[in-house]
Structure formats: structure tokens, C-alpha cells
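This report goes through selected features of the structure shown below, chain by chain. Please keep the sequence and the model at hand while reading.

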Amino acid sequence: MTSSRQAVLDAPGRDPLAPAAARRVSSRLPSLAVMLSALFVLLLIVATAAPQWLTPHDPLEGDFLAVLQPPGSGHLFGTDRLGRDVFARTVHGARYSLCIGLGSTAISVFFGVLLGVAAGQKSRLLDEGISRVLDVISSFPGVLLAMLVVIFLGQGMANIAIAVGIAGIPKFGRVVRAQTQAVRGADYVTHACIYGRSRLQVFVRHVLPNALVAVPVTATIYVGSTILATSGLSFLGLGPQPPTPEWGVMLAESRDVLRVAWWPGVFPGAAITLTVIAFTVLGHHLQRRFEGRQP
Amino acid sequence: MSAALWRSVAGRLGGSVVVAWGSTTAAFVALHALPGNIADILAGDLDYPGLREAIAAEWGLDRSLAAQYVDFVRRIALGDFGTSYELRRPVADVVASQLWPTLQLAAAAGVLALLIAVGVAVLTAGRGRLPRAVASLVELVFASTPVFWLGILLLMGFSFTLQWLPVSGAAGWQALVLPAVTLALPTAGLLTQVLREAMEKTLEQPFVVTVRARGLGEWRLRTRHVLRHAALPLMTLGGWIIGGLLGGAVITEKVFGRPGLGTVTLNAVLSHDVPIVLAVVLLAAFVHVAASTLLDLLYVLIDPRLRAS
Amino acid sequence: MSSFTTFEALDVRSLDASSSMPMPPSVRKAGAPLVDIEGLTIGFDGPAGPTTVVDAVDLQIRPGECVALVGESGSGKSVTARSLLDLVGTGARMNARRFHIDGADALRFDASTWRRLRGTFAGLVMQDALVSLDPLRSIGQEVGEVLAHHRLLRSRSAIALRVRETLARVGIADPEARVTQYAHQLSGGLRQRALIAAAIAGEPRLLIADEPTTALDASIQKQVIEVLGRRVHDDGAGLLLISHDLSVVAEIADRVLVMRAGRVVESGPTNEVLSRPQHAYTRQLIAAVPSSSSRGSRLASARFEPVRAVDAGVTEMRLVRDPLPPRRAAAGAAVLEVDGIGKRFRRGGLAGSGAGFVALHGVSFSIGPGEVLGLVGESGSGKSTCAKIVLGLLDPDEGAVRLLGQPWSGQPERARRALRAKLQYIPQDPLSSFDPRYTVSEVIAENLAGRSPTQARSHIGTLLEQVGLGAGLMDRRPRTLSGGQRQRVAIARALAAEPALIVCDEPVSALDVSIQAQVIDLIGELQSRLGTSLLFISHDIHLVHHIADRVLVLSQGQVVEQGPVDDVFLRPCHSYTRTLLAAVPRPLAAWPG
């Protein structure tokens with residue numbers, strides 16, 4: 001009783017005079033960054049859907065007379081050791097990263113939400129069981145789990161997407177589980193029967209929407225992680241094989257010519273970094289926008 | 001240490017044993033649930049006379065599934081990971097011989113990342129707009145940079161251009177510097193973000209005002225009080241970070257041509273050497289479980305509020 | 001004379017710090033003021049432009065004097081207090097005609113001078129020790145930190161000794177055991193005392209207490225105030241007490257400053273200010289406090305009117321209040337019948353039978369139509385368990401509840417659903433009872449089943465007007481509303497179902513006094529007009545005396561006393577009721593109505 005009174009008087013555990021000014025400022029600052037990120041993601045979508053709008057060159061065809069040309073006229077990012085235009089390959093590579101990234105995030109979200117909501121229900125047994133399953137999945141480091149999947153299922157895009165997807169299930173599972181438990185304990189849920197609502201109605205109208213409020217935000221930020229993971233696996237040779245213009249594969253190929261040519265190694269990596277940054281920034285922006293809506 | 005504390009410690013240890021067992025079971029299930037003859041899977045790319053018999057004998061393929069499972073768990077628990085048919089050596093040997101360079105790398109990177117994270121977070125948490133914005137930007141960039149690209153850039157810069165550090169191999173501490181830094185920086189980016197946010201959240205708590213009212217300056221406040229609070233969320237992340245370091249070590253070893261467990265495993269994957277991959281993955285899982293349990297216990301030690309439950 | 005006493009005061013201070021000799025009475029109230037502020041103005045730069053939080057405040061505190069800063073939220077009292085230790089935070093612009101701390105010009109202090117003062121010259125005690133002490137450090141470490149940091153004592157054993165002495169001085173028995181414990185292991189009263197101990201360990205000459213008793217039970221409040229008061233009178237320190245509660249302040253303050261919107265609207269000796277308030281706001285503040293004498297009237301309408309001007313000098317002031325609409329006579333069958341309910345929780349708060357903690361035992365009462373039944377008790381008395389059982393959220397282990405003659409407890413929810421509209425509730429924290437995604441109209445619409453959207457919307461508009469909010473708030477989010485507005489929305493939601501009984505669970509305890517008065521008036525008016533029965537749960541005895549017809553006193557899960565409000569509160573039979581009444585500060589204005 002006393003503590004609930006206290007909790008009501010000011011936000012729990014927060015000094016009422018604490019300067020929120022610093023927070024407010026940083027919430028204004030990234031608006032330029034957010035715009036740039038959104039533009040970049042738009043660019044990626046264009047590169048995925050219609051790469052020919054961005055570059056006339058064929059990513060797979062190499063001009064043997066123009067091997068390892070530095071960036072300059074005709075080749076924006078230069079050419080690689082087989083004479084292929086690096087810019088064209090980078091643009092065409094966007095679709096692999098984006099699709100694998102989104103695909104594996106989708107797998108993680110779907111199963112994670114399912115398990116998380118189930119674990120957040122009343123049954124302690126279900127909660128413990130699912131939590132242990134999530135613990136087991138998360139005990140395998142992502143890269144190694146992917147190796148396990150690849151060795152059993154073979155190499156290729158779909159399989160590394162599955163591997164990274166499985167590795168991401170615990171993250172969403174735990175977040176959704178925690179949210180579900182928090183929401184189920186909140187007053188507006190425990191007292192909802194006063195308004196004549198059945199348990200199912202309460203679950204569908206109140207528990208689910210509020211428990212899943214954090215999912216789009218977490219997913220957006222997580223796309224960045226999946227792109228990092230999948231490009232890393234491609235770099236190791238477990239994903240798409242050369243000559244596919246996937247960014248990780250391109251970086252693996254560039255290692256041999258590093259001593260003499262920097263451009264095949266720098267641009268694909270920069271593309272990965274910028275993509276991850278863009279999704280992370282957008283995700284954080286969404287988080288701030290929806291902060292007020294958290295239960 | 002009260003009875004309740006012993007009970008919660010025992011509970012956590014029990015939980016981690018369950019998880020370790022679960023990982024072993026998952027590996028077993030994965031092995032047997034796949035399409036194809038298990039003997040074929042284990043043989044991989046090879047086929048020489050006597051191979052099938054050796055596999056059948058070692059893995060007990062003629063016995064029932066349940067008996068195979070029990071045998072599997074028992075062998076793993078005792079550290080016998082079987083034989084690599086590719087390399088014709090016991091897996092445990094192969095793993096043990098290559099373990100040290102990888103551990104070295106992961107540990108060095110981890111410690112470095114932690115030091116950077118603590119230093120930057122303590123210096124920038126709750127300070128003015130500019131240092132925080134700069135720190136945030138730098139952290140974001142590093143956390144978003146793929147390890148292999150960072151490695152390539154550092155290679156180009158320090159090994160090829162400046163020629164300060166060796167390009168590959170594991171000879172001496174100089175060969176450790178670039179790989180460790182490569183692995184440490186993205187991890188540091190993430191750790192710093194988490195630590196700084198935790199510190200800033202802590203700095204808004206009422207008890208901080210009380211501590212300041214005793215005359216403590218910013219430095220003492222942060223190191224004596226705030227850091228301990230901020231370390232708590234970091235510890236919940238700890239297991240995941242260690243897993244990431246192990247995975248990142250694999251990638252870093254490829255970039256720098258460094259010998260180690262990563263190289264071994266990668267070759268094993270490409271040549272379908274199942275026993276080795278299985279062993280490395282399970283080993284990593286056990287390390288992860290052990291580290292998480294340790295961190296869990298440390299958490300309880302630091303936060304007295306958890307001791308009663 | 002004054003120079004002699006100053007010399008003596010200096011002499012006493014220079015004695016070995018480990019011997020705490022009380023200052024002789026002659027130097028207690030004399031001597032230079034500890035704090036001498038004139039024209040203090042503090043402003044912040046917010047996103048909506050600069051705001052002034054403290055406006056031209058004068059404040060003086062002498063040694064051995066207790067000064068109280070009273071005001072509602074947003075009055076600037078906390079900021080003023082924190083400015084004495086320069087703990088207002090970054091981004092504050094501070095300005096004053098005179099700002100002397102301990103005789104020196106504090107506007108010229110640099111950071112290290114301030115740090116030297118904190119803990120040694122002045123100590124700070126805040127609300128709720130659970131979050132004001134570092135939960136990861138032991139009580140001993142927290143109390144001893146100021147000693148170690150300022151090197152007031154050198155050796156560890158000397159510090160440990162002083163820590164134990166300080167804990168004993170604030171009335172903590174068995175300090176040996178407490179030193180290694182943590183804040184969450186101590187009860188509310190002990191924690192707060194430990195917090196005070198941490199602030200006085202360095203023997204500061206000024207103690208600043210910022211809402212030290214808020215959110216504590218009345219009896220514990222009394223103990224904490226006593227500890228603070230002893231510190232002032234016994235050891236000759238100065239005390240700056242900040243509170244929103246005038247009655248708490250009345251017990252120990254020598255002088256009172258009433259603040260509103262950053263300005264001091266009235267100041268003077270406590271007796272003067274409380275018995276003959278000059279400023280309209282102070283009068284409003286005093287008059288808005290509910291008590292037995294305000295029964296049946298609107299609290300928010302209270303004002304002072306001159307009775308007669310007999311001679312030119314003194315004008316007698318009389319407190320006048322507007323009456324509420326009269327209550328209709330209650331007739332008919334009881335709305336709620338509670339018969340011998342009991343509830344037992346297993347250790348850890350899990351429901352179930354078997355050995356455990358008894359939350360309720362043998363509680364029986366009934367509420368007639370149009371009647372207001374008050375339920376009072378301290379924390380742990382079982383009030384919330386009782387409320388949950390009445391609301392049908394918990395089933396009792398023994399006994400039965402009947403609502404409007406129908407069986408209520410122990411029924412499956414399907415059987416109860418038809419009656420649900422007849423029983424509503426008003427929560428303590430309205431915000432957590434609203435779905436965070438909902439707007440005001442969606443919140444209220446939850447209780448309006450089976451109407452077309454247009455019908456519902458117009459009905460919601462009517463309801464909002466009924467509770468004193470404009471229909472324009474319909475599409476706002478509750479998060480953007482003030483505490484009083486949110487509570488009105490909760491009331492509107494409860495009314496939407498046209499209930500026969502409303503359970504009010506501490507509906508105003510989180511609100512400022514003036515807002516509290518308005519909301520209580522609203523509840524009272526609606527109750528009178530609509531004839532709704534109320535089960536009014538509160539820890540505030542005077543509030544219950546104001547609004548309830550009958551009252552139930554709960555202690556440790558059992559009904560200790562029951563009866564008409566005047567009987568129970570003015571002529572209590574049970575010893576617990578008497579203790580409870582004694583612990584509560586007496587009402588400020590026992591004015592003839």
C-alpha cells in the first residue's frame with residue numbers, strides 16, 4: 001500500500017527533479033539522421049527491386065581489359081580482379097542482404113512471439129519449459145549455430161537465413177515474454193473483468209496488442225544484426241557462392257587483392273555498415289516515438 | 001550466506017546443467033532428425049574401406065535410438081567427442097591443440113572491449129550534449145561495422161601501408177594486436193552503449209541526489225555507486241557477448257589467416273567433417289552456459305535485493 | 001552580548017568532533033543565520049522556452065529553528081531547498097540579491113566549496129528511503145560514507161562506532177544488526193530513520209528534509225517527525241522541512257513559508273499563519289483539508305468571510321463552505337452484504353489454503369442504497385484484499401458476498417457478468433488502469449457496451465461534462481492530462497455503467513490538496529445526486545470523516561470497530577482506533593461551519 005502510494009506520487013525510482021533536458025535534446029538531434037536513414041533504406045529498396053535504374057553495368061560480366069581499375073571514369077567504385085564493375089555489384093548485392101536480413105528477422109519474430117506469449121501466460125511450467133528451450137538455443141553462438149545448420153542442410157542463402165533466424169528466436173522470445181508478464185499484471189488487465197469482458201476478449205484486446213508493442217521496434221533494430229550476421233557467414237563461404245554479388249562474398253574475394261587494390265574491399269563493407277546504421281537509427285527513432293505507448 | 005541464498009545458487013546451477021543437457025540433446029536430435037543415413041552424414045565426403053565399420057562401431061549405430069542417445073550424452077559429458085574421420089584423429093585432440101590461440105584472441109578482445117566500454121561510459125555518461133552525441137555516433141558506427149570489414153581496413157592500414165604489424169599468423173604478441181582490436185571494437189561499441197544508458201538511467205535515481213548531498217564528487221559517485229548499478233544490465237548481456245566473441249573469433253581468424261579453432265571448424269564445415277563441427281559447437285555452448293551461470297551468480301552477489309527470493 | 005555568544009559557539013564547534021556535546025541553550029537560537037537568502041530566482045531552459053521555477057524567494061534559517069516550506073506540486077519548494085546545497089541540477093540559472101550560506105556569499109562558491117559543505121554543514125533527507133539510499137550498499141556503508149569521504153574520522157573503528165551511535169540516536173534498536181543489512185530488509189519506519197541517520201552522521205548544523213514522511217503510514221509519520229524534531233531541539237541544529245501537508249508541519253515548525261508557483265505568498269510563525277492566514281491561497285489550502293466539520297459541504301468552495309467588524313482593529317474571520325446537494329434517504333434492500341469473509345495467502349503472496357499469512361478473517365459488513373461506507377486501516381490491514389474480494393477479483397476462502405441480493409463471491413465469471421455493470425471502481429492510480437494505447441473516449445467506451453458509435457460518443461460527451469471536463473478532451477491521451485483530470489476520467493468511466501455501488505480505492509491520495517478537494521467534491525456531489533453507494537477506502541481518517549456515513553476500522557485483517565462515523569471517530573471504543581486517531585495530526589481548522 002505504502003509503496004503503491006509512493007509509486008503514484010512520482011515515477012518509480014526517478015528523482016522528480018532529474019533533468020529530462022538532456023533526454024529531450026537527444027530526441028531532437030537525430031532528426032537529420034533519421035531522414036538520411038530513411039532515404040538510404042529507400043535507396044536499398046530501389047536497388048533491390050530495380051537495380052538497373054542505378055547502374056547500367058552487369059554485375060556478373062567482367063571486362064578483362066579493365067581489371068582492377070581504380071574508381072574513376074566509367075566505374076564509380078572501380079573494377080575488381082575479374083574486371084567486374086564494383087558499383088554494379090554493390091548495387092545488385094543489396095537485394096541479397098536485404099532479403100536475407102528481412103527473412104531471418106521474420107523467422108525470429110514469428111517463433112519468438114509465439115513462444116514469448118506462451119511463456120508469459122499463467123502456467124509456471126510452460127514458462128520454465130519455454131525459457132529453457134530459449135536458453136538452449138541462445139547457448140549456441142550465432143556463427144557456430146549457423147555452421148551446424150549449414151553442415152546439415154548445405155550452403156546457400158536460404159539456409160543461412162534459417163540459421164540466423166533460429167539464432168534470433170530467443171531475443172524476441174524473451175522480450176515478448178517479459179512484456180506479456182508485465183502487461184498481464186497491469187491494472188487495466190487485472191481489473192478488466194469489471195467492464196464485463198471475458199478472458200479471451202481481454203487477451204485479444206488488451207494483452208496481445210500491448211505485449212507486442214515493442215516488437216516492431218525491436219525487429220527494425222534487429223534487421224541490422226541479421227544483416228551483419230548473414231554477411232559474416234557469406235564472408236566465411238557458408239552462404240551464396242561466388243560469383244553472386246553478395247557483399248560478404250565480395251569482401252572475401254577482395255582479401256586476395258588487398259595489397260594492390262583497396263576499392264573492392266572498402267565499398268561493399270561500407271555498404272553493409274551504412275545499411276546496419278540506417279536500420280538501427282530508424283529503429284531507435286521508432287522507439288522514442290512509441291516510448292509513451294509502453295505499458 | 002543464508003539458506004535462501006544457497007537454494008537460489010543451487011537452483012541456478014541446476015538450471016545450467018539442464019541447459020547444457022538440452023544443448024547436447026538438441027545436437028543429437030539435429031544429427032538424427034535429418035534426412036539421409038546417419039552413417040553417410042558422419043562420413044561426410046569420405047569413403048574408404050573400413051570407414052563405415054568404424055563409424056558404426058564408434059557411434060553404436062546398430063543399437064536402439066534411446067541407447068545411442070544415452071551413450072552420446074555420456075560420452076559428451078566425459079569429454080569424448082569421437083573421432084574425426086577426415087583428419088583421422090580424435091576430435092578432442094584436434095580441438096585441444098587449436099583451442100589456445102582462439103581463447104587468447106577472444107579473451108584479449110573481451111578485456112579490451114570491457115576496458116574501452118567502462119572508460120568511455122564513465123567519462124561521458126550524463127555529461128554535456130556534445131561529448132555524448134560524439135560518443136553515441138562513434139559507438140553506433142563501431143557496433144554497426146562488420147568484424148571482417150574492420151579487419152580488412154585495419155589490415156590495409158597497419159599491415160600493408162604502415163607495415164607496423166604482421167599480416168597473418170600467430171607469432172608473438174604483435175600478431176594478436178590487430179585481430180584483438182578488430183574483434184574488440186564492435187563489441188566495445190555495443191557494450192559502451194548499454195553501459196552508458198544504464199549509467200544515465202542510474203544517475204536519475206533519487207539515491208544519487210542523496211550521495212551528492214554527502215559531498216561526493218562526480219568521479220567518486222560514478223565509480224563507487226553508479227558503476228555497480230550499471231554493471232547489472234551488462235551482466236545479463238554477458239553470456240550473449242561471450243558467445244559473440246567466440247563467433248567473432250572464427251571470422252577474425254579467417255580475415256587475418258590466424259590459426260585457431262575457427263579455421264579448423266570452417267574447414268570442417270566445408271569438408272563435411274561432422275564430428276568436429278559438433279564438438280566445437282557443443283564446446284562453445286558449454287562455455288556459454290558456464291559463463292552465463294557465473295555471471296548470474298555474480299549478479300546475485302552484487303544485488304542484495306535478489307538474495308531473499 | 002552577541003559577539004560573546006558567537007565566540008562561545010565557535011568554541012563549541014572546535015571541540016573534538018567525536019564527542020557530541022549538545023550546544024548550551026543560550027547559543028541555540030542566537031548566532032548568525034545558517035541560511036540567509038533574499039530575492040532568490042531560479043529558472044530552467046526547457047524545450048518550450050525558459051521557465052521560472054522559483055521567483056524572488058526570501059528565506060532565513062537560524063540555528064535551532066525549524067522552518068517549513070509548504071506548497072503543492074510545482075510550487076518550487078523542492079528546488080528552493082536543493083539550491084541550498086547547489087543540487088538543483090545542470091542547466092539551472094540561479095540569481096539572488098543575497099545568498100549567504102553559513103555567513104559566506106554562496107554565489108561565489110566554486111564546486112569544491114559546495115562539496116565541502118554538503119554533509120558537514122547541511123544534510124539532506126528525502127522521501128522514501130527505499131530509493132533514496134543506494135540499494136546495493138549496506139546501511140552501515142551508507143551512513144558512514146559522509147564520515148569517510150570528508151575524513152571526519154580517521155580510523156575504521158571510529159567510523160563504525162559513530163555509525164552505530166548515529167543509528168541509536170535516531171531510535172533504531174540493535175544497531176549492530178542493522179549495520180550489515182540493506183534498505184529493503186528494513187521496515188518503512190526503520191528505513192526512513194536510517195536515511196535520517198545517513199544525513200546527520202556528519203553532524204551538520206542544518207538538516208533539509210524534503211517530504212520525509214510522505215507515503216508513510218500515519219503512525220510512522222509521527223515517529224519520523226519526532227526524530228527530526230529531536231534533532232532540532234536536542235542538538236540545536238536548524239531544520240528546513242518541506243511538505244505539502246500543513247498538518248504535519250504544524251507539529252514541529254517554528255515558522256512557515258507558503259509557496260505557490262515559485263513565490264512565497266505568506267510567511268510567519270506557524271501559529272499565526274495557521275490560525276490567522278492572510279493570503280487567499282493559504283486560506284484556501286487550510287480550508288480545503290477535509291475534516292469532520294466539513295461534512296456535507298464542498299471543500300473547494302471554502303473561503304473566509306468576515307463575521308462582523310466590531311471595532312476597526314480586529315476583523316473576525318469565519319470559514320464558510322457551500323453545501324453539497326442533500327443526500328436522499330436510503331431505503332430498500334442492502335446493496336452489498338459481506339458475511340464473514342476470510343482470505344489466507346501462502347508465503348510469498350500466493351493464494352491458497354494451508355498455513356500462511358492471514359490477510360482477512362471474519363470480516364462482515366453491509367452497505368445500504370445511497371450509503372457511503374468508509375474503510376480505514378494502515379498498510380497490511382487487509383483493505384486492498386477486502387476491496388479485491390468485493391470487486392470479485394479474488395474469491396474468499398470463507399464467507400460469502402452478495403451483491404444486490406444475488407450471490408457474488410465464488411461464482412464463475414459468466415454468472416456474474418450480468419451484474420458487473422452495477423459494481424464499478426475508482427482506482428488509486430488511474431493511469432495504470434487505462435490501456436496505454438487508448439484515448440479518453442476509448443477508455444470510457446470500454447464501459448459502454450452495446451451502443452452505436454455515434455450514440456456512444458454523445459453519451460461520453462455528456463459524461464465528461466458531468467465530471468467537469470470538457471467534451472473536447474475526448475480524443476486526448478490520458479498521459480497528457482493532469483492527475484486530477486485523469487481521476488475525473490476514471491470517475492466518468494465508472495459512471496458510464498450506471499452502477500449501484502462504486503468501490504473507491506484511495507481515489508485522491510496521490511493528488512494535491514486543492515485538486516483533492518475538487519475531486520472529493522465531485523464524488524460527493526455525484527453520490528448525492530445519483531444515490532450511488534460508495535465503499536470508500538482510505539488511510540486518511542479526516543477524509544473518511546468528511547465523506548462517509550459509517551466507517552469500518554480494519555487492523556491485521558479483522559474488523560476492530562464499526563459504526564456511524566461520529567461514534568467511531570469521536571468516541572472510539574477499541575484501543576487500536578484510539579491509537580490510530582492519536583497518531584494522525586489533528587485537523588488544522590476546527591472552524592465552526
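The model is a predicted one. C:Glu498 sits in the loop that links helix 18 (483–496) to strand 21 (501–505) of chain C. Between the C-alpha atoms of C:Glu498 and C:Ala218 there are 35 Å, and along the chain the two residues are 280 residues apart.

## A six-stranded sheet in chain C

Chain C holds an open sheet of six strands in the order 7-8-9-3-10-11, with mixed pairing. Its edges are strand 7 (122–125) and strand 11 (263–269) of chain C, each of which pairs on one side only. On average, neighbouring strands of this sheet are turned by 15 degrees against each other, direction ignored. In general, the strands of a sheet pair through backbone hydrogen bonds, parallel or antiparallel.

Within this sheet, how do strand 8 and strand 9 of chain C run? Strand 8 (residues 206–210) and strand 9 (residues 238–243) of chain C are parallel and joined by five bridges. C:Leu207 has C:Leu239, in strand 9 of chain C, opposite it. Helix 9 (residues 188–200) of chain C packs on the sheet and touches strand 7 and strand 8 of chain C. The direction of helix 9 makes about 165 degrees with that of strand 7 of chain C. Helix 13 (residues 280–287) of chain C also packs on the sheet, where it touches strand 10 (255–260) and strand 11 of chain C. The direction of helix 13 makes about 100 degrees with that of strand 10 of chain C.

Chain A has 12 helices and zero strands. Of its 295 residues, 53% are buried. Among the contacts in chain A with a separation of 6 or more, 69% come from residues 24 or more positions apart.

The contact between chain A and chain B takes 41 residues from chain A and 46 residues from chain B. On the side of chain A that touches chain B, the elements giving two or more residues are helix 5 (124–139), helix 6 (142–153), helix 10 (215–235) and helix 12 (263–289) of chain A. Helix 6 of chain A gives the most, with eight residues. By type, this side of chain A divides into 23 nonpolar, 12 polar and six charged residues.

## Chain B and a helix pair within it

Chain B has 12 helices and two strands, and along the sequence its pattern is α-α-α-α-β-β-α-α-α-α-α-α-α-α. The C-alpha trace of chain B spans about 80 × 60 × 30 Å along its principal axes. Buried residues account for 45% of the 309 residues in chain B. Of the contacts in chain B between residues at least 6 apart in sequence, 74% join residues at least 24 apart.

Helix 7 (residues 147–161) and helix 10 (residues 218–256) of chain B have axes that come within 9 Å and cross at roughly 30 degrees. The crossing of helix 7 with helix 10 of chain B is right-handed. Helix 7 of chain B contributes B:Val147, B:Phe148, B:Gly151 and B:Ile152 to the contact. From helix 10 of chain B come B:Gly248, B:Ile251, B:Thr252, B:Val255 and B:Phe256. The residues of this contact between helix 7 and helix 10 of chain B divide into six nonpolar, three polar and no charged.

Methods. Residues are numbered from 1 along each chain as its sequence is written. Chains are lettered from A and ligands numbered from 1 in the order in which they are written. This is a predicted model: local features need pLDDT of at least 70, side-chain atom pairs count only at pLDDT 80 or more; totals for chains, interfaces and linings use all residues. Two residues are in contact if their C-beta atoms, placed from the backbone, lie within 7 Å. Helices (H or I, at least four residues) and strands (E, at least two) are DSSP runs, numbered from the N terminus. Ala, Val, Leu, Ile, Met, Phe, Trp, Tyr, Cys and Pro count as nonpolar, Asp, Glu, Lys and Arg as charged, and the others, Gly among them, as polar. Two strands pair if DSSP finds at least two bridges between them. Axes are lines fitted to C-alpha atoms, for helices over the stretch in contact, and angles run from 0 to 180 degrees between N-to-C directions. A crossing is left-handed if the near helix is turned anticlockwise from the far one by less than a right angle, and right-handed if clockwise. A residue is buried if 20 or more other C-beta atoms lie within 10 Å of its own, exposed if 12 or fewer, and partly exposed in between; C-beta atoms are placed from the backbone.
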